[in-house]
Amino acid sequence: MKNHNDKTVIQAGLVLEGGGMRGLYTAGILDFFMEKGLQFASCYGVSAGACHLSSYMSDQQGRAYRISIDYLKDPDYCGTRTFLKTGDFFGVDYCYNRIPNELNPYDYDAAANYPGNCYAVATNIETGRAEYLPLKDLRDDITAIQASASLPLLSRNVEFHEKLYLDGGMADSIPIRRSQKDGNAKNVIVLTRPADYRKKPLSVANLQAMRIKYKKYPMVIRTMQRRHLVYNRTLAYIQKLEAEGCAFVFRPEKLVKIDRIEKDTNKLKVLYLQGYHDAAINYEAMMLYLQQ
């Protein structure tokens with residue numbers, strides 16, 4: 001660990017799972033980390049995890065929570081109308097231009113000065129493989145976050161550096177192995193599902209819809225067919241690391257029942273506070289693990 005402008009930079013990986021609105025749990029944890037001045041040397045965000053990571057990079061406590069709830073009733077933010085009008089369930093201009101540049105200004109300079117390496121995980125639809133897109137200047141790299149959070153079937157393909165991407169969770173929902181490959185012997189992992197959760201295979205209807213929409217991209221269809229297997233193996237690996245004292249894992253004990261696109265702000269607040277509370281009560285244990 002080292003100090004950086006009164007912050008504590010931890011030489012470890014921070015791995016953030018996605019999960020749509022379940023990411024409010026992650027937002028609560030990250031807000032507590034910001035309150036404590038904790039910064040991780042390597043950060044990996046997937047989908048909603050990448051979105052919340054951006055506010056963590058810029059050290060704007062509470063921003064991820066506000067963005068998640070303040071605009072839910074605006075039809076230009078998300079919904080069927082937006083999808084039918086643009087091909088994206090979440091309005092791209094609204095999310096990646098109006099919010100950071102007008103409605104809830106983003107501190108691009110603070111993010112650019114984050115003292116670690118941060119990545120948005122996205123799925124290359126031509127190869128079907130995960131790619132770990134560096135985040136530095138979000139004026140340009142915000143497209144990497146958009147790619148990471150673009151849900152299959154509900155979003156247009158996102159072009160970034162002449163490649164086509166969609167949601168990072170398709171290929172690598174919890175990039176712990178990537179963090180280890182990058183040299184992080186210690187890792188803090190934030191999951192958005194309870195410990196007993198196991199992913200089921202893609203439904204027949206969704207798989208058929210994938211085959212129709214992405215017929216030009218057979219590798220990404222193969223990735224989605226195997227997604228549940230890869231995800232569940234990763235969970236087993238994380239549990240092994242946890243049992244051996246090689247990872248510190250946050251996960252909601254009891255998940256508030258919410259839809260993937262939840263608009264009940266009371267439920268979302270409960271989930272956010274659950275994350276903040278879990279970070280607070282486990283803070284000393286996590287720091288002990290990181291200092292060993």
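I began with Cys51: it is partly exposed, with a relative accessible area of 27%. My cut-offs were under 20% relative accessible area for buried, over 50% for exposed and partly exposed in between, with a 1.4 Å probe and protein chains only. Cys246 is also partly exposed, at 32%.

The model is predicted, so I noted the limits: local features need pLDDT of at least 70, side-chain atom pairs count only at pLDDT 80 or more, and totals for chains, interfaces and linings use all residues. I number residues from 1 along each chain as its sequence is written, and side-chain values use heavy atoms, without hydrogens and water.

Next I looked for disulfides (cysteine sulfur atoms paired within 2.5 Å). I count zero. Cys51 is in none; the nearest cysteine sulfur belongs to Cys95, 7.8 Å away.

Then I turned to the nonpolar cores, sets of buried Ala, Val, Leu, Ile, Met, Phe, Trp, Tyr and Cys residues joined through side-chain atoms within 4.5 Å. The largest has 66 residues, and Leu14, Phe33, Phe40, Tyr56, Phe250 and Met286 touch the most other members. Helix H1, residues 24–36, gives the most to this core, with eight residues. Apart from it lies another core of 20 residues, including Tyr132 and Ile238.

I checked Phe33 for contacts (heavy atoms within 4.5 Å). Leaving out residues up to four places away in sequence, Phe33 touches Leu14, Leu38, Phe40, Tyr56, Val188, Phe250, Ala279 and Met286.

Of its 13 residues, 11 are buried, among them Asp31 and Phe33. Gly37 follows H1 with a positive phi, near 75 degrees.

How values were computed:
Helices (H or I, at least four residues) and strands (E, at least two) are DSSP runs, numbered from the N terminus.
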